[in-house]
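Please keep the sequence and the coordinates at hand while reading.

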Amino acid sequence: MRFIHTADIHLDSPLHGLTAYPDAPVELLRSATRDAFSSLIDIAIEERVDFVIIAGDLYDGTWRDHNTGIFFCKEMGRLKRADIPTFLLYGNHDAESEMTKKLQLPDNVHCFSAREAQTFTLDDLKVALHGRSFKEKETTENLVTTYPRPIEGFFNIGVLHTALEGNSMHASYAPCSVAELHSKGYHYWALGHVHDYSIWRGDSTIVFPGNLQGRNIRETGRRGAVLVSVEDGFSVTITRLYVDVLQWHVLNVDVSDCAGLLDVVRKIGNALNIFVTENNRVPCAIRVVIMGRSMAHGELFGLESQLRMEVLSYVAAIGNEHLWVEKVKIETEPLIDNAQIESRMDAIADMHHLLMEAETDDALLKDLQGLFAPFVAKVPLELISSVPFLQAIRAGDLTSIVQHVRPGLLSHLSKAE
Amino acid sequence: MRLHRLELIRYGKFTDAVIELPRAEKDCHFIVGPNEAGKSTSRAAIAELLFGMPRSSSLGFLHPQSELRLGAVIENSAGELAFHRTKNIKNSLRTPSDSPLSDDALAPFLGRVDKSFFEQMFSLDHTQLIRGGQDILDASKDVGQILFQSAAGIASLGRVRDALAEEADTLWGPRKSADRAYYIGAQRLDEANTELKDAIVRTKAWSEAHNILHNVEERFHAAQDSHRLLEIKRSQLERVRRTAPYLATLREKEAALGEFEDVIMLPPDAGAQLSNGQAELAAAEQLLQARRADVERLQNELNQIVVDEIILTFKKEIESLEAMCHRCRDHRQDLLLRGAEISSLLDEVKTASVQLGWPDNEESIRSLLPSSLVLRTVSNLIKERGALKQATVSDEKAVQRKQEEISLFESRLAAIPAIAVSPAIRTALAVAQTMRNTSTKQRTLAEAEYLAKHELDSAMQALGTWQHSAEKLKAMIVPSDERLADLKAERQRLVSAHRLAEQQFDEAQRRLSITTLETEQYSQIHRIVTSSEVTDARLSRDAAWTAVKIGEKSLEAGASEIDVAMQFADELVDAQLGCVTESTELQSLQHRLEREKADVEHQREMLSNKNKELSQFEKNWMTTEFAVELNGMLLDDVSAWLDRREVALAAVNSLDLKKRELLREMQTANEASEQLRSALTDAGVSIPDEAILDVLCSIAESHIRGVEANATQRESILQQIEQGKIDLAVLRSSAKESTDAYQQWQNEWKAVLSQAKLGEKIETIAGVEAAVELVSEIETKLVKVNEIRRDRINAMQVDLERLSTEAQHLVKAIDIALIGKEEHFVSGELSRRLAAALRAKQDAEHVHKELKAAHANLKEATVQVDSVAARIRPLLQMAGIADLVALLPLVERSDEKRGLLSAIETAKLNLSREGDGLTVAEIFSEVEATDVTNLQVTLAEVNALLSNSVKKQAELATERAVAEKTLAEISGRANAAIAEAKRQEALASMAEASERYIKVATATKLLRWAIDRYRDRKQGPMLSRAGTIFSRLTLGRFTKLIVDYDKEPLTLAALRTNGQVVEISGMSEGTRDQLYLALRLAAMELHLEQATALPFIADDLFVNFDDERAKAGIGELGEMSKQTQVIFFSHHSHMIPMVQEVLGSSVNIVQL
């Protein structure tokens, strides 16, 4: 007996932080979550699995386009034609979505009730599926306690949307513990909510399959669902199914030994080449983080835009269909520290002192606030949340911005000749 | 730190090169060399020596990269360090013996300076000077920027700030612009928002669309049913309308058919056959008649034509005669002309023959003509003779010339002596040449020795009373700098403590005297009754009373005393009560006085202690070995004296060195001179007795040049003689060949002349040439005579004979009447007759052909008449009659019956077609059941209902299409998701632009703010110092630099001696460079006041300076060299005198 366990599909949820630039693979990736889900359905049909479990967060809670639901129904229709039933459990996002209530699903899709724990049985396979959907987003009670006892002689599967012992990255909905799950007497726990793949073996096999498709730079690495094979009634084998169409990756490049922009670009180019050689399975959204104490620090301060363009050219040379540059983040540090600057006792050292003073110069800070006020006033709210500088300006904290800019500016000046 | 020596061990083009940079009063060194001398290499070497070599050096072209090596001796006040720098990544610092030094071994000398800072601050080349000058102009309205750039050693602050501001402007600005990154993103966001709004479909919308479609579909199906019923009704009515007329026709025609039962049915086309047969028969008979007439006419015409058959028999002969006549038309005239031509040619031949002495008849002439082979041989020999004769003569001349030439060379060779230069001279000269300028060098060395001695004397005198011999000075054990510094610091501490103790003691005494005075004055000013006074008064009172009480005194006697005592006591008490405050104050003063007295004592003791400590320290110092040796030199004087000792020792060393150098030079020069003199004398060269080395060199060089020139000349002449002999042999061989060839020719000539029979009288070559020409002419003309006779005259005579024969033959055969007529007449007559016979024959043939055709046509017309009659015959048989006229009525009746039958059939077919598949009987019953009279009205009503139904259905179909479209749009498409993705992309680009904008805008603002601050703080001292330097650099044309405080932003300008203010933009390029140099030097001076000094490297700074200003510049570098070592590179050797003039002749000049 084999089935697919997936969760956190977040259909039509957009990818965050990707700036479109000429030749970026936009068309390929704007429908990433759909493509990933369709691939999963393809696999289900090709592999002729016995059933599919979706353990919550099918949609984004705030997403209102009914087309997403229709798309889901069509994919379920494909499963129906292949005679594959689906067991769908609603998570916190689904509880928030109005589509959940109105959508007319094909009859091969069985939804778990939100009022109480519900059990579906597949008598020919001797499988029992127990689950309870979220009635509302803020479900903080332990739902496991309401799940029924296992059915004797059946392979019992618990389907649950949970933060499991308070996973810090995710809202702590429907909390419960691993021990509690093991003690429930089920053979397999099909969990959802936490976006990273995890597995616990013990009295039962407990699995978070992770989300189907990474959507931002925090969700790096390959993503997908799991194919669960049950031999001899109870022996469970887990195979990961990677269906993501875009992989997120942070590429750290140490440029300590680089003297200038050209060196840095060359080094990044090498790193990208190696990366592509080793990771050519799916396109990647890549964040290039440049780090290290480097002579190039000052030059990079002034040439951030040019650096990005250079990196994009490199990517174009490699092939834009492989890579999408999310960001080129400069986190280098100057080669010489403050003490060394001061010991020079020249104008740059004076400038260093002056810039230190600038942090506490009220008139200057007020001036800066005045400079940025009309800008911040024009910026849309959702942008503010993604740019820490904007948050600082709104909070009147210009000092932190000055502190951030100072070292780069100073290095830039001392390397300006 | 200063460089004492720079060693270019393996570096660039250098191998083991050393640049000495000895310390002097002005630590300024001038390194000069032409282009390619290695000046830039040396400059690079200093930076790489101090801070390491790059991983890949461009200077590894001679030595392998891995073997590049530099060395140096550097020094500072603490001592000196000799080290090497290699290209190793680790342990690149080595000792001269190649042991590794720690990587930070140079730190005590360099402080915290890194390579980049060193290059910016301590290294100034012409490019930077020019750029600095230009940037001053760019920033001429920004004093702060000028000062900062100069002081920081960077020249691009303005560009940095402008670039940042420019970038900020491309990212965001208050004005919306399609060029700004933020607004590009914002525009995309707006578009994506609109797209999202259009694309998104709420669940409620889907439900509504679904319901609407369901509803409209139901209504549409109902309308379709209703329409279908109406269509059936209309169809039935239409059928009745269509079939009723056909039904009526059917009935009528069936009734009429009864009258034609007996009529014979003839074929449907019988009528046409009848009328066509009649017409065709008449036409065929008419044609038959016409054909018969044609035959008759043509037969007549043929009979009338006569043909001359005889003449036709001779057709070919007549035509041949005609052609022959035409050809021989001019022959008779031509025969006369040709005879005359032959006579003329023969006359010319005879004339020529006479010249040759030949007879004048044609036969004899022909027999005497020589063969053409002989004539050609004679001509060829004439042509060859000239060349052969010429060759013989010229070859003989060439042999003679060559012999003369060889003789000349031999005589020249004999005149040149054959001697060689002795090796001894060469060797001695090579040595002597290296010493050639020895007298100049000796003078320089002697001068240097004198100066060194002078310096030593000065240095010794500077040692004052503590002068010693050089050996003693060297041997003297001096305290280390650290020890001295410690001692000085200790003494300084003790002196300070002593001074402080003195001050504190003085202060305590001053406070005590003030307090004493205050106390005294207070007591004097205020009458203060003390308790003891009151007690005393009370005791006096009580004593007076006791005396009275015990009777010691009588009441009377004691009363007044008691009263006085009582009053006094009371007054005192009153007074005491009235001065409580003053009393307390006085007491406080007195307490203070006590404390201060104690303090004075304490300070006195402290002072005494400090005094003892100091005395002890001085005593200890005076007893040290060193101080004793220097006869009690004060500690404070020791450092200065030690420095002077160093100078003196350096001077001693320098003097020794100079002496040794001079001695060595002189010895070497004498040895070289003697060797050269001896060698020259041996070679027999005369030499003046007083000749110095330089003269000896010149004599030797001249001698060698002379000998070598002779040898070269002899060698050259010998080669020429050798070559001459070879050439002579060749020339002689050639001359012999020429003579032989000419002899051969003469033999041939004699032989051929006798064959040619040109007459013995002809002796000269020209005569033979003329005779050959005449013979050729005669031969040519005789040939022509033969050609005319053979080709022309004979041919024409043959033609004329043939013509006459042919004509006679024809006349006899055709018409004897023409006998005796001229051939041309005969030919013309016969030709005319032949043409007439031919024409008659042609006409007869044509008529005959027409007649044959007419017979054929006649036969055809007869057949056609028979054919028409045969076609009509069956009709007559069918009708049973023989006459064509009677047939016509029968045919008409038959056609009428056939028409009726056809109408009946047509009606049945129409009913079947229009009856929608119903039988005639069904149609009949349907028509019977319908009110045909109201049929149109009913039909119109049904049609109206149907129109309405169609309209309604169309409306519903549209409605359904709209509803379907609405629902189809919610078919799971990804438009909204794509729009949302675009939104996120736009937001990401806006975030990126925002972040960068805030960064660069902040940086711009910060930079501007910091520069302003910098100006506020540094402007004063730096401008003042730069002004002074600038004034000196411009030779006093400008007095100082000023800032115009009335302008915003503040502007830097310079003040001329005449009071004129010159802004930077008004300065020449050179003056701007001088201003930048002044600012840099001022900034450098200020920097050196507080930081470690490193050598200042100046590279060809004075390219835009005139000579006088260049001297001023050198002077400023000289001033700078008092603070730190200055190393000046230049490729202008003409600057050396300037440098020596400004900095003194002892300045260190290094020639690369």
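This is a predicted model: local features need pLDDT of at least 70, side-chain atom pairs count only at pLDDT 80 or more; totals for chains, interfaces and linings use all residues.

Chain B exposes about 63800 Å² of surface, and carbon and sulfur atoms supply 52% of that area. Chain B averages a pLDDT of 85, with 99% of the residues scoring at least 70. For chain A the mean pLDDT is 90, and 98% of its residues reach 70 or more. Within chain A, confidence is lowest in helix α10(A), residues 338-344, where the mean is 76; it is highest in strand β1(A), residues 2-6, at 97. For the complex, the predictor gives an ipTM of 0.92 and a pTM of 0.52.

The composition of each chain comes next. Chain B has 1152 residues, of which 40% count as buried. Its secondary structure comes to 33 helices and 13 strands. Of the contacts in chain B with a sequence separation of 6 or more, 76% are between residues 24 or more positions apart. Chain A has 417 residues, and buried residues make up 58% of them. The secondary structure of chain A comprises 15 helices and 15 strands. Among its contacts between residues at least 6 apart in sequence, 70% join residues at least 24 apart. The accessible surface of chain A comes to about 16500 Å², with 49% belonging to carbon and sulfur atoms.

Strands β11(A) and β12(A) form a hairpin with 3 residues between them. Within the turn, Asp232(A) has a positive phi of about 50 degrees.

Chain B contains an open sheet of 5 strands in the order β2-β1-β4-β5-β6, with antiparallel pairing. Strands β2(B), residues 14-20, and β6(B), residues 93-94, stand at the edges; each has a single partner strand, so one side of each is left without a neighbour in the sheet. The partner of β2(B) is β1(B), residues 2-11, and the two strands pair in the antiparallel sense over 6 bridges. Across this pairing, Leu8(B) stands opposite Ala17(B) in β2(B).

The largest nonpolar core contains 152 residues, and Tyr182(B) and Phe1102(B) touch the most other members. Helix α30(B), residues 975-1033, contributes the largest share of this core, 22 residues. A second, separate core has 42 residues, including Phe112(A), Val127(A), Val159(A) and Tyr188(A). Returning to Phe1102(B), and not counting residues up to four places away in sequence, this residue touches Leu1077(B), Ala1110(B), Gly1113(B), Ile1114(B), Leu1117(B), Phe1128(B) and Met1135(B).

Leaving aside neighbours within four places in sequence, Pro479(B) is in contact with Leu484(B), Phe626(B) and Leu642(B). Pro479(B) and Ala627(B) are 148 residues apart in sequence, yet their C-alpha atoms are 9.9 Å apart in space.

Finally, how many disulfides does the structure hold over all chains? The count is 0. A disulfide is a covalent bond between the sulfur atoms of two cysteines. The cysteine sulfur closest to that of Cys325(B) belongs to Cys328(B), and the separation of 7.5 Å is too far for a bond, because the two sulfur atoms would have to lie within 2.5 Å. Cys328(B) is likewise in no disulfide, its nearest cysteine sulfur being that of Cys325(B). Cys325(B) counts as buried at 5% relative accessibility, and Cys328(B) is buried with a relative accessible area of 2%.

Terms used
Residues are numbered from 1 along each chain as its sequence is written. Chains are lettered from A and ligands numbered from 1 in the order in which they are written. Side-chain values use heavy atoms; hydrogens and water are left out. A nonpolar core is a set of buried Ala, Val, Leu, Ile, Met, Phe, Trp, Tyr and Cys residues joined through side-chain atoms within 4.5 Å. Buried means under 20% relative accessible area, exposed over 50%, partly exposed in between (1.4 Å probe, protein chains only). Helices (H or I, at least four residues) and strands (E, at least two) are DSSP runs, numbered from the N terminus. Contact means heavy atoms within 4.5 Å. Accessible areas come from the Shrake-Rupley method with a 1.4 Å probe; for residues, only the protein chains shown count as cover. pLDDT is the predictor's confidence in each residue, from 0 to 100. Two strands pair if DSSP finds at least two bridges between them.
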